[in-house]
Amino acid sequence: MEKGEKGMKYRITGLIWTILLSVLIFAGCTSAETNQESQEHVTQNTNQATQASAVVETQHENIQDNHQVTATSQVQATTQQNNDVRGELQVHFIDVGQGASQLLIGSSGKTILIDAGNNIQEEEIVAYLRKNGIQKIDILVGTHPDADHIGGLDAVIDNFEIGKIYMPKVQSNTKTFEDVLLAIQRKGLKVSTAKAGVTLDWEPDAKVQMIAPVREYNDDNDMSAVLKLTFGEISFLFTGDAESKSEHDMINSKVDLKSDVLLVAHHGSKSSTTEAFLDAVQPSYGVIQVGENNYGHPAPEILERLNKRGVKVYRNDLHGDIVFVTDGKNIKASHTKDGKEEATAASRTQEETREKQGTQATQAKETTETVVYKNCTEVRQAGKAPLYRGDPGYSRKLDRDGDGVACE
């Protein structure tokens with residue numbers, strides 16, 4: 001290579017390196033500026049995000065506060081709704097002999113009829129409803145297909161306007177069950193399924209919820225529709241013929257079973273009303289729908305179980321038609337035998353009831369063997385009247401009507 005060519009080559013190489021270095025330096029400066037701008041931008045964004053976050057948190061807190069206020073309002077509204085009863089509610093345990101039938105009349109006059117006794121009592125059921133001014137049954141419930149519960153339903157359907165009908169998903173091949181289905185068909189009605197979780201659309205100041213059957217059972221009795229009625233602070237539990245399996249499942253379902261008045265299931269059969277179920281319900285009153293029978297209803301052990309808990313028991317065979325009336329806070333019971341109102345058998349506030357139960361529970365722990373009362377005067381002087389079967393000093397000679405309550 002000539003000397004001139006080499007010089008030219010060195011100049012070109014130097015020029016290339018100069019350009020490359022300039023590019024790198026410029027790029028480096030640009031990158032540094034960009035980084036600085038980015039950092040400033042990030043800082044700015046961070047500040048904005050922090051401010052936005054604060055706003056969001058403030059809004060969230062406000063939303064939470066609003067939700068809390070709304071939730072509180074809903075609770076207050078619910079409480080207000082539950083306590084805002086408009087008048088009185090009646091529950092009739094109609095005397096249908098060895099059968100069952102309950103009539104519910106709400107504060108505005110809407111009605112629910114649960115079961116209607118045997119076929120042979122259907123005229124009595126129709127007459128009873130008419131006597132009480134009933135023209136429409138807004139909700140009709142057949143708890144299960146046994147004849148002593150649904151026998152009179154066809155006559156009720158034929159003689160009254162019917163709103164909705166609920167029955168559990170269980171079939172029967174009896175003529176009684178067929179008659180009910182034919183009556184439903186004649187009126188062009190549809191049957192809704194009675195099962196746990198169904199809430200009935202009835203009076204706005206009362207809640208009626210089905211809590212059984214919880215599942216399907218082979219036994220028709222355990223398929224019984226069980227309803228809980230809540231009116232203000234007072235509640236009723238209607239149990240059909242539900243037996244121990246259904247009771248066990250109701251307890252396990254965690255539904256609130258506590259009720260002031262319990263329809264003692266299956267006419268007081270020993271296959272129902274377990275200790276655990278009574279512990280869950282904690283009733284003040286028990287009603288046994290029972291008549292002359294060969295089944296041993298009500299079972300002595302069930303009466304004993306109720307009496308030990310201080311449950312005041314009413315029975316259709318002893319007291320006739322039994323009616324509870326409540327204003328949502330207080331409750332009173334009366335009973336009518338052979339067309340005559342015999343007595344207002346109970347009228348007490350909730351506090352009085354709980355106080356009474358507490359006193360009876362204390363009494364039940366006392367020794368029973370050495371306590372003997374000659375008459376009811378001595379019982380009252382001892383401050384122990386009335387005495388329930390199982391209580392200290394209880395004696396059949398002091399229990400004139402044999403209902404398990406002495407000196408009442």
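Buried, as I use the word, means under 20% relative accessible area, with exposed over 50% and partly exposed in between, using a 1.4 Å probe and protein chains only. By that cut-off Phe238 is buried at 1%, and Phe236 is buried at 0%.

A word on the source. This is a predicted model, in which local features need pLDDT of at least 70 and side-chain atom pairs count only at pLDDT 80 or more, while totals for chains, interfaces and linings use all residues. Residues are numbered from 1 along each chain as its sequence is written, and side-chain values use heavy atoms, with hydrogens and water left out.

Back to the two phenylalanines. Rings of Phe, Tyr and Trp (its six-membered ring) pair if their centres lie within 6.5 Å; planes under 30 degrees apart are stacked, over 60 edge-to-face, the rest tilted. The whole structure has seven aromatic pairs. In one of them, the ring centres of Phe236 and Phe238 are 6.2 Å apart and the planes meet at 5 degrees, so this pair is stacked. Both residues belong to a cluster linked by ring pairs, together with Phe93, Tyr285, Tyr314 and Phe324.

Tyr314 has a further contact: the charged end of Lys312 sits over its ring, 5.6 Å from the centre. The criterion is NZ of Lys or CZ of Arg within 6 Å of the ring centre and within 35 degrees of the ring normal.

Next, the sheet. Strands (E, at least two residues) and helices (H or I, at least four) are DSSP runs numbered from the N terminus, and two strands pair if DSSP finds at least two bridges between them. Seven strands form an open sheet with mixed pairing, in the order S7-S8-S9-S10-S11-S12-S13. Which strands stand at the edges? They are S7 (199–200) and S13 (312–315); each has a single partner strand, so one side of each lacks a neighbour in the sheet. S7 pairs with S8 (residues 207–212) in the antiparallel sense over two bridges, and Leu200 is opposite Val208 of S8.

Helix H8 covers residues 300–308, and its buried residues are Ile302, Leu303, Arg305, Leu306 and Asn307. Just after H8, Gly310 has a positive phi of about 75 degrees.
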